[in-house]
Amino acid sequence: RGVWAGGASISGSMGVCMKWRKLGKIFDPTEHALPNRCLEFAQSPQTLVLADRVRVFFSTRERDSVGKYLSHIAFSDFSRDMRRLLSVSTQTVLPLGDLGCFDEHGIFPINVMRDGERVLAYTTGWNRKVSVSADASIGLAVSHDDGLTFKRHGTGPLLTASLNEPFLVADAFVQRYGNTYHMWYIYGTKWQKFSDEAPPDRVYKIAHAISANGIEWRRDGRQIISDRLCPDECQALPTVICLDGVYHMYFCYRQPYGFRQDSSRAYRIGYARSCDLENWERDDSLAGIDVSAEGWDAQMQCYPHVFECDGKVHLLYNGNEFGRHGFGLAVLEAQNG
């Protein structure tokens, strides 16, 4: 499991001081026989808390007949205290989309939530393009067996390109508060070549949508998290939890180019908070977690997911190389401020 790589104190609202304690990497996909001939990557770990376990869904990859990646969904089951790995999926959780569909070449990520007797999965389906590498849209699948298998709610996407969100609609995170479903997601603002030699890089921001049924969504294409690095900062994979009446969002952010070669430009975990689910105050100094001095998360931290189980708040996230070698865990330690 690794050792505690350090923590940082943050002063939260309601007079509470919180501290993340890293527990190290807890899952490495290269150590398991995954379905669909997948060998590497366990990206964007996201949880479904069950009566006797925590099911952690993630996106993994195989190579197709021409050597290009396809992204598939798999899961690993942990004990509710997240200390023991119980099992790893051996069968396909959700097949890729049909020829020409928005999710033909992959699903990354998938966000799952219990909704009564069913489990809803908000998928990011992607497909290859010619002038740029890929486009993405948000789809929906439903499970009636606690997430062992899912069936699509139609072959098309729920949210896709629109007038104010022209491409790369992705990374849905959904919670239900009262009778309203809230979705935080990202949308692309532009593709740009930042050097003559490099292929185009994408820029994307975090937005918010609401729904009465989890299917039909109202959105306004408004960026809700302020930029910190530059106007072309890339923001990805929001996750939200409510603690003591305050909503806390964790996400990841990076520079728009050079992030694959220069670790100082790679993903870091950011933080914002809100009292009304609409207006967010960003302060990354309160994130309470950062890259380690060495090891599996020394070059980057990305794709965070916050969840609560048995009174403890956990943070799952990926490290170096966008989760090529798995994901790790941190636990929130709270004390009176």
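## A tour of aromatic pairs, charges over rings and cysteines

Select phenylalanine 58 to begin: at 0% relative accessibility this residue counts as buried (under 20% relative accessible area; exposed is over 50% and partly exposed in between, with a 1.4 Å probe and protein chains only). The model is predicted, so local features need pLDDT of at least 70 and side-chain atom pairs count only at pLDDT 80 or more, while totals for chains, interfaces and linings use all residues. Residues are numbered from 1 along each chain as its sequence is written, and side-chain values use heavy atoms, with hydrogens and water left out.

Phenylalanine 27 belongs to strand S2 (residues 16-27) and phenylalanine 58 to strand S4 (residues 54-63), so their pairing ties together parts 31 residues apart in sequence; strands (E, at least two residues) and helices (H or I, at least four) are DSSP runs numbered from the N terminus. The two rings form a tilted aromatic pair, 5.2 Å centre to centre with 45 degrees between the planes. Rings of Phe, Tyr and Trp (its six-membered ring) pair if their centres lie within 6.5 Å; planes under 30 degrees apart are stacked, over 60 edge-to-face, and the rest tilted. The whole structure holds 19 aromatic pairs.

Now move to phenylalanine 194 and tyrosine 257, a stacked pair at 4.7 Å centre to centre and 20 degrees between the planes. Phenylalanine 194 is in the loop between strand S12 (180-192) and strand S13 (201-211), and tyrosine 257 in the loop between strand S16 (246-254) and strand S17 (268-274), 63 residues apart. Phenylalanine 194 is partly exposed at 23%, as is tyrosine 257 at 36%.

Select Phe108, Phe259, Tyr267, Tyr303 and Phe322 together: they form one aromatic cluster. Arginine 254 lies over the face of phenylalanine 259, 3.6 Å from the ring centre. A charge sits over a ring if NZ of Lys or CZ of Arg is within 6 Å of the ring centre and within 35 degrees of the ring normal. For another such contact, select arginine 55, whose charged end sits over the ring of phenylalanine 75, 4.4 Å from its centre.

Finish with the cysteines. A search of the whole structure finds zero disulfides (a disulfide is a pair of cysteine sulfur atoms within 2.5 Å). Cysteine 302 is buried, with a relative accessible area of 0%; its sulfur is 5.7 Å from the closest cysteine sulfur, in cysteine 252, too far for a bond. Cysteine 242 is partly exposed at 31%, and its closest cysteine sulfur, in cysteine 275, is 9.4 Å away, also too far for a bond.
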